[in-house]
Amino acid sequence: MVAGRPAQRIGAARAKPGSVSYASLGIGTATHLAGEMMNVRAETGMVHIPYNGSAPAYNDLLSGRVQVGFVLLDSALPHVKAGKLKVLAVTNAKRSRIYPDYPTVGETIPGYSLESLFGFVAPRGLPAPIAAKLSGDIVKVIQLPEVRQRLAELSVEPVGSSASEFEATIRSEIVKWAPVVKAAGVKAE
């Protein structure tokens with residue numbers, strides 16, 4: 001989450017619902033849901049302003065037309081480094097190993113977290129030995145120093161979990177996000 005203006009705007013959103021707007025990268029995106037989770041968990045009442053990608057969102061953030069943005073950190077960093085935007089918090093459950101100085105939203109709003117998940121899936125009928133071989137090979141590749149370094153450059157922290165752990169993560173994410181999607185009235189388009 002970044003802001004083009006002081007962080008006090010979030011406090012103002014709680015005091016006067018509808019007074020603060022937030023940019024997302026489009027309806028139904030993870031950035032949209034990140035803002036709606038804040039609305040649900042912190043009762044901020046921020047107004048969602050969807051953009052068609054990051055460039056138009058940054059235009060309005062940088063000019064101050066939108067007070068807060070839920071955006072991808074790696075795309076915000078050039079603006080942050082130039083002193084034009086300030087990182088208020090990251091949405092990870094824990095502080096990032098890559099950017100440990102940035103607080104998490106969860107440090108202020110207990111239970112808040114949003115982390116992008118990247119994984120490999122296969123058709124249900126894939127034979128177990130093949131699935132196990134693929135899973136093991138993927139975990140080995142993710143552990144390679146050059147792969148970890150490249151992912152870190154992209155602000156990605158690799159996990160390399162097992163198939164059953166990834167399936168459990170997906171199931172818990174569905175449970176976590178269902179009430180947010182319902183409260184926000186988000187519909188698949």
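Trp177 is in contact (heavy atoms within 4.5 Å) with Leu33, Ala34, Met37, Ser113 and Leu114, leaving aside its neighbours within four places in sequence. The model is a predicted one, in which local features need pLDDT of at least 70 and side-chain atom pairs count only at pLDDT 80 or more, while totals for chains, interfaces and linings use all residues. Residues are numbered from 1 along each chain as its sequence is written, and side-chain values use heavy atoms, with hydrogens and water left out.

A nonpolar core is a set of buried Ala, Val, Leu, Ile, Met, Phe, Trp, Tyr and Cys residues joined through side-chain atoms within 4.5 Å; buried means under 20% relative accessible area, exposed over 50%, and partly exposed in between (1.4 Å probe, protein chains only). The largest nonpolar core has 18 residues, of which Met38, Met46, Phe70, Val105, Ile109, Tyr112 and Trp177 touch the most other members. Two or more residues of this core are given by helix 2 and by helix 7 (163-184), and the largest share, five residues, comes from helix 2. Apart from this core lies another, of 15 residues, including Ala57, Tyr58, Leu61 and Leu77.

Helices (H or I, at least four residues) and strands (E, at least two) are DSSP runs, numbered from the N terminus. In helix 2 (residues 30-42), 10 of the 13 residues are buried, so this helix is largely enclosed by the rest of the structure. Among them are Leu33, Ala34, Met37 and Met38. The expected span of a helix is 1.5 Å times one less than its number of residues; for helix 2 this gives 18 Å, in agreement with the 18 Å between its end C-alpha atoms. Just after helix 2, Glu43 takes a positive phi of about 50°.

Helix 3 (residues 54-63) has Ala57, Tyr58, Asp60 and Leu61 as its buried residues. They cover an arc of only 165° around the axis, which puts them on the same side of helix 3; the arc is that of the directions from the helix axis to the C-beta atoms. Just after helix 3, Gly64 takes a positive phi of about 90°.

## Aromatic pairs

Rings of Phe, Tyr and Trp (its six-membered ring) pair if their centres lie within 6.5 Å; planes under 30 degrees apart count as stacked, over 60 as edge-to-face and the rest as tilted. By this rule there are two aromatic pairs. Tyr22 and Phe70 are edge-to-face, at 5.3 Å centre to centre with 85° between the planes. Tyr22 lies in strand 2 (residues 21-24) and Phe70 in the loop between strand 4 (68-69) and helix 4 (73-81), so the pair ties together parts that are 48 residues apart in sequence. Tyr22 is buried at a relative accessible area of 0%, and Phe70 is buried at 2%.

Tyr99 and Tyr102 form a stacked pair, 5.8 Å centre to centre with 25° between the planes. Tyr99 is partly exposed, with a relative accessible area of 22%.

## Salt bridges

Six salt bridges are counted, each being a side-chain nitrogen of Lys or Arg within 4 Å of a carboxyl oxygen of Asp or Glu. One of them joins Asp60 and Arg65 (2.8 Å, N to O); Asp60 is buried at 16% relative accessible area, whereas Arg65 is exposed at 55%.

Glu167 forms a salt bridge with Arg171, the closest N and O atoms being 2.8 Å apart. Being four residues apart in helix 7, Glu167 and Arg171 are separated by about one helical turn.
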